[in-house]
Each structure stands twice: as structure tokens, then as C-alpha cells.
Amino acid sequence: MINARAETLAEKPVFKRLISSKRCIIPKNGFYEWKKKGSNKRPMRILMKNDSIFSLAGLYDTWTDQDGNKLSTSTIITTKPNELMEDIHNRMPVILHPDDEAEWLGRDIKNVQSLLRLLQPFQASEMRAYEVPKEVGNVRKCYLFFYQSC
């Protein structure tokens, strides 16, 4: 599963056991979402106003498939959109406040309710978004797009 909804995390069996012990952060400097306008979709890049790296709340697991191969997987936790994101999409990834990262990663923290309170929309006032070329969604051109935008 690519995303896990913060609102139902403690109810879904697959995530319920992970929230207690297999939390992670996914460092980012931005993410993409497609904004629907009429019948068209426009790719938008969302990042911090100060261009800093930020942490998405995630869960991970390692399991063995039918052939005995070990697989490691992760999922990003999403929440309702903030004021910036609601114009772009109906969900957004949970961006952890830097002060909350240690609590999210803390191995000794088992209080699920305490952890769930961290899974809120990030302040829109600290974020920005801008449209990017549609090539960002094209796997064949994606590498070239990222290379040229560096």
C-alpha cells in the first residue's frame, strides 16, 4: 500500500500493529501532486517556503514472500489537506514538525493515541506550491526532468 490514512490507521489491521513499533520518517525536499482543473490535471510541486528538507510520517515492514524472499516495504501516512493543499488535492502527506520527529521515531513510545495526535496537516503558511512541466509524470522523461531542474 502506497498511503495510509491517518484517520483510520489504528483501525486497519495491517497498520494497527505497525504504528506501535515500525514508524519511520521519509526525508523530502518536495513532493508532487496533480491539481485537477476542469478535465485537465496539472502537476504541482509542493515544498517549504524556505526550501528546507522535511520529514513525512511513515510506517515500514519487512516480510517474507511465498518464495522465501525478504521484502521491505514502507507507506506514507496521509491526512486531510491544509489551506494550501485543499486547492490542489483532497489529501496530503503528514509532514512532521521537526520537534515531533524524535517522538515519532521513539522506540519506547507505545501510546498510540499520543502518536496519532502528531498526524495533523502541516501549517500552510510555511509551504508553497508551483506548477511544473507535465514531464514530471512521464517515467521516460522523469530522470531528465530532475537532472535539469537541479
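**Exercise 1. Which strands each supply at least two residues of the lining of the largest pocket?**

Before you start: this is a predicted model, where local features need pLDDT of at least 70 and side-chain atom pairs count only at pLDDT 80 or more, while totals for chains, interfaces and linings use all residues. Residues are numbered from 1 along each chain as its sequence is written, and side-chain values use heavy atoms, with hydrogens and water left out.

*Solution.* 
- Step 1: Strands (E, at least two residues) are DSSP runs, numbered from the N terminus. On a 1 Å grid over the protein atoms alone, a pocket is an open set of points with protein on both sides within 12 Å along at least five of seven lines, a cavity is a set where a 1.4 Å probe fits but cannot get out, and lining residues have an atom within 4 Å of a point.
- Step 2: name the strands. They are strand 1 (3–5), strand 3, strand 6 and strand 7 (92–93). Strand 3 gives the most, with 3 residues.
- Step 3: look at the lining. There are 14 lining residues, and Asn-3, Glu-33, Ile-76, Thr-78 and Pro-93 lie nearest the centre of the pocket.

**Exercise 2. Find the aromatic pair and work out how its rings are arranged.**

*Solution.* 
- Step 1: search the whole structure, and 1 aromatic pair turns up.
- Step 2: check the geometry. Rings of Phe, Tyr and Trp (its six-membered ring) pair if their centres lie within 6.5 Å; planes under 30 degrees apart count as stacked, over 60 as edge-to-face and the rest as tilted. The ring centres of Phe-31 and Phe-54 are 6.4 Å apart and the planes meet at 75°, so this pair is edge-to-face.
- Step 3: Phe-31 sits in strand 3 (residues 31–37) and Phe-54 in strand 5 (residues 54–64), 23 residues apart, so the pair links distant parts of the chain.
- Step 4: buried or exposed? Buried means under 20% relative accessible area, exposed over 50%, and partly exposed in between (1.4 Å probe, protein chains only). Phe-31 is buried at 9%, and Phe-54 is buried at 5%.

**Exercise 3. Which strands pair with strand 5, including strand 2 and strand 6?**

*Solution.* 
- Step 1: recall the rule: two strands pair if DSSP finds at least two bridges between them.
- Step 2: take strand 2 (residues 23–28). It runs antiparallel to strand 5, with 6 bridges, and Arg-23 stands opposite Leu-59.
- Step 3: take strand 6 (residues 70–79). It is antiparallel to strand 5 too, joined by 7 bridges; here Thr-62 faces Ser-72.
- Step 4: Ser-55 has Leu-96 as its bridge partner.

Note on methods. Helices (H or I, at least four residues) and strands (E, at least two) are DSSP runs, numbered from the N terminus.
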